[in-house]
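This report describes the strand pairing and the nonpolar core of one protein. The sequence and the model are shown first, and the account follows.

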Amino acid sequence: LECGPFPPTPISYGPAVSPPKCQNVSFVVEAAGTDNELLFMASPRITAEGELQFTLTEMEFGSADFHVSLLDSEGASSPARPLRVVVEPVNNAPTYEVVPQVNGGRGQAVQSL
């Protein structure tokens with residue numbers, strides 16, 4: 001971001017022009033649709049430095065679409081651009097749980113685990 005006084009150029013003989021105002025800009029990320037509502041623990045956002053950040057929900061996969069635009073401190077907004085995040089499924093090893101063996105027979109008392 002550059003703002004402030006700009007040096008005159010030798011060819012600018014016209015009236016003095018005010019330097020542009022310094023403005024803050026921020027990214028606006030709006031959800032447009034997903035095939036898995038549980039995909040994100042923290043929805044995507046873009047920092048002032050332009051870094052895309054989000055947190056995925058463990059063991060979830062799918063895709064989500066967003067519209068991204070820039071908003072300045074004067075209230076002007078850029079046209080929205082599409083953003084798609086795709087999370088591919090991972091082939092996780094199967095899991096199991098060993099349960100104790102319970103033997104029973106006719107006429108035996110009830111057993112609880």
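Two strands are taken to pair if DSSP finds at least two bridges between them, and strands themselves are DSSP runs of E with at least two residues, numbered from the N terminus. On these terms, an open sheet of three strands has the order β1-β4-β5, with antiparallel pairing. Because β1 and β5 stand at the edges with a single partner strand each, one side of each is left without a neighbour in the sheet. Direction ignored, neighbouring strands of this sheet are turned by 30° against each other on average, where the axes are lines fitted to C-alpha atoms.

The model is a predicted one, in which local features need pLDDT of at least 70 and side-chain atom pairs count only at pLDDT 80 or more, while totals for chains, interfaces and linings use all residues. Residues are numbered from 1 along each chain as its sequence is written, and side-chain values use heavy atoms, with hydrogens and water left out.

**Strand pairing**

The secondary structure comprises zero helices and five strands, in the pattern β-β-β-β-β along the sequence. Strands of a sheet pair through backbone hydrogen bonds, either parallel or antiparallel. Strand β1 covers residues 25-34 and pairs with β4 in the antiparallel sense over nine bridges. Seven bridges join β4 to β5, which also run antiparallel. Individual residue pairs in the sheet include the following.

| Residue | Opposite residue | Strand of the opposite residue |
|---|---|---|
| E30 | H67 | β4 |
| V68 | R81 | β5 |

**Core and surface**

A nonpolar core is a set of buried Ala, Val, Leu, Ile, Met, Phe, Trp, Tyr and Cys residues joined through side-chain atoms within 4.5 Å; buried means under 20% relative accessible area with a 1.4 Å probe, protein chains only. The largest such core holds six residues: L39, F40, A64, F66, V85 and V87. Strands β4 (62-72) and β5 (81-87) are the elements that give two or more residues to this core. Leaving aside residues up to four places away in sequence, V87 touches L39, L56, E60, F61 and G62.

Of the 113 residues, 14% count as buried. The accessible surface comes to about 9800 Å², of which 56% belongs to carbon and sulfur atoms, by the Shrake-Rupley method with a 1.4 Å probe. Among contacts (heavy atoms within 4.5 Å) between residues at least 6 apart in sequence, 43% join residues at least 24 apart.

Key
Buried < 20%, exposed > 50% of the residue type's maximum accessible area, 1.4 Å probe, protein only. Helix = DSSP H or I, 4+ residues; strand = E, 2+ residues; numbered from the N terminus. Axes fitted to C-alpha atoms, helices over the stretch in contact; angles between N-to-C directions.
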